[in-house]
Amino acid sequence: MVFPVVIKTMDDAKRLNQVATQQEFSMYLSCDSVTIDVRSLLGLLTLIGKESMLVAPDHADPESFVKALRKMKLIH
């Protein structure tokens, strides 16, 4: 599962990181040729202002992924 994301602020990065660490599955941000584990706050900070794709593994429950996106305030 893939969702487009732009991290605008440090607070956005912190929120993404906090929610990602609570999930049963790993999530990654992919930007150009770089892929970063969303559980890495330092990695997230390098992507502030860049268009990225939030990626969850295919085995992740779609409902859990959508719930995480809502907690991250990426969707309503």
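## Strand pairing

Strands S2 (residues 28-31) and S4 pair in the antiparallel sense over three bridges; strands are DSSP runs (E, at least two residues), numbered from the N terminus, and two strands pair if DSSP finds at least two bridges between them. Met53 in S4 is the bridge partner of Ser30. S4 also pairs with strand S1 (residues 2-6), in the antiparallel sense over five bridges, and Phe3 stands opposite Leu54 in S4.

This is a predicted model: local features need pLDDT of at least 70 and side-chain atom pairs count only at pLDDT 80 or more, while totals for chains, interfaces and linings use all residues. Residues are numbered from 1 along each chain as its sequence is written, and side-chain values use heavy atoms, with hydrogens and water left out.

## Faces of S4

Side chains alternate along S4 (residues 51-55). Ser52 and Leu54 point to one face and are buried (under 20% relative accessible area, 1.4 Å probe, protein chains only; exposed is over 50% and partly exposed in between).

## Salt bridge

The count comes to one salt bridge (a side-chain nitrogen of Lys or Arg within 4 Å of a carboxyl oxygen of Asp or Glu). It joins Asp12 and Arg15 at 2.8 Å, N to O. The two are three residues apart in helix H1 (residues 10-21), so about one helical turn separates them; helices are DSSP runs of H or I, at least four residues. Asp12 is buried at 17% relative accessible area, and Arg15 is partly exposed at 23%.
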